[in-house]
Amino acid sequence: MKMKMKVRTLFLVLFFAGILVVTSYVDNNSQQSFDSLSHLSLDGGAVETSADEDEAEQLNMSVKEVHVKTEKRGGYRIEVYEQVNIYSDDKGKVVKKVPTGEYQTLKYKLNEKK
C-alpha cells in the first residue's frame with residue numbers, strides 16, 4: 001500500500017513538472033513571435049524622408065485601421081481591417097498611404113430570432 005502511494009506521488013510530480021515544461025516552452029515561443037513583429041508607433045512619431053537629396057522633409061506617420069470587408073459566416077458577422085501607415089506633412093495633407101499587410105478581424109455573433 002505504501003509503495004502504491006509513492007508511485008502515485010511520483011507520477012503526479014512528474015505530470016505537473018511536464019505541464020510546467022510545456023507551458024514554459026509555449027510561452028517562450030509566443031514571446032519570440034511577439035518580439036519578431038515590427039513595433040508600430042501609435043502616437044504619430046516623425047519619420048524623415050527625402051524626395052530630393054538637397055531637401056529633407058519631415059513627415060508625420062500615423063497608423064489607421066482601414067475596413068477591408070464584411071461577411072456573414074456560420075451565424076457570425078466578420079469584419080476585416082488592415083493597418084495602414086499614413087504619412088502627412090506639417091499642414092496635415094496626406095502625402096502617402098502604405099499598407100502594412102497586418103490584418104485585424106472582428107467577429108460578432110448574430111442574433112437569431114426564433
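**A buried strand and a nonpolar surface patch**

With a relative accessibility of 12%, N85 counts as buried, a word used for residues under 20% relative accessible area, while exposed means over 50% and partly exposed lies in between (1.4 Å probe, protein chains only). The model is predicted: local features need pLDDT of at least 70 and side-chain atom pairs count only at pLDDT 80 or more, whereas totals for chains, interfaces and linings use all residues. Residues are numbered from 1 along each chain as its sequence is written, and side-chain values use heavy atoms, with hydrogens and water left out.

Of the 114 residues in the protein chain, 13% are buried. The chain's accessible surface is about 10,100 Å², and carbon and sulfur atoms supply 56% of that surface; areas come from the Shrake-Rupley method with a 1.4 Å probe, and for residues only the protein chains shown count as cover. Among contacts (heavy atoms within 4.5 Å) with a separation of 6 or more, 34% link residues 24 or more positions apart.

N85 belongs to strand β3, which covers residues 76-88. This strand is largely enclosed by the rest of the structure, because 11 of its 13 residues are buried. Its partner β4 (residues 94-109) runs antiparallel to β3, with 12 bridges between the two; pairing requires at least two DSSP bridges. Within this pair, I78 faces K107 of β4. Five residues separate β3 from β4 in a hairpin, and G92 in the turn has a positive phi of about 95°. Beyond its neighbours within four places in sequence, N85 contacts M61, S62 and V63, as well as K96, K97, V98 and T100.

E79 is another residue of strand β3, and it is buried too, at 11% relative accessible area. Its side chain makes polar contacts with the side chains of R77, at 3.2 Å, and Y81, at 2.8 Å. Such a contact is a pair of N or O atoms within 3.5 Å; within protein, one must be able to donate a hydrogen and the other to accept it, and residues adjacent in sequence count only if both atoms are side-chain atoms. Leaving out residues up to four places away in sequence, E79 touches K69, T70, Q104, T105, L106 and Y108. H67 lies 12 residues from E79 along the chain, with 7.5 Å between their C-alpha atoms.

F11 is part of helix α1 (residues 2-36) and is exposed, at 54% relative accessible area. Together with L12, F15, F16 and I19, F11 forms a nonpolar surface patch of about 510 Å² accessible area. Patch residues have over 30% relative accessible area and no salt bridge; like charges are joined within 9 Å, and nonpolar side chains (Val, Leu, Ile, Met, Phe, Trp, Tyr) within 5 Å. A salt bridge places a side-chain nitrogen of Lys or Arg within 4 Å of a carboxyl oxygen of Asp or Glu.

Terms used. Helices (H or I, at least four residues) and strands (E, at least two) are DSSP runs, numbered from the N terminus.
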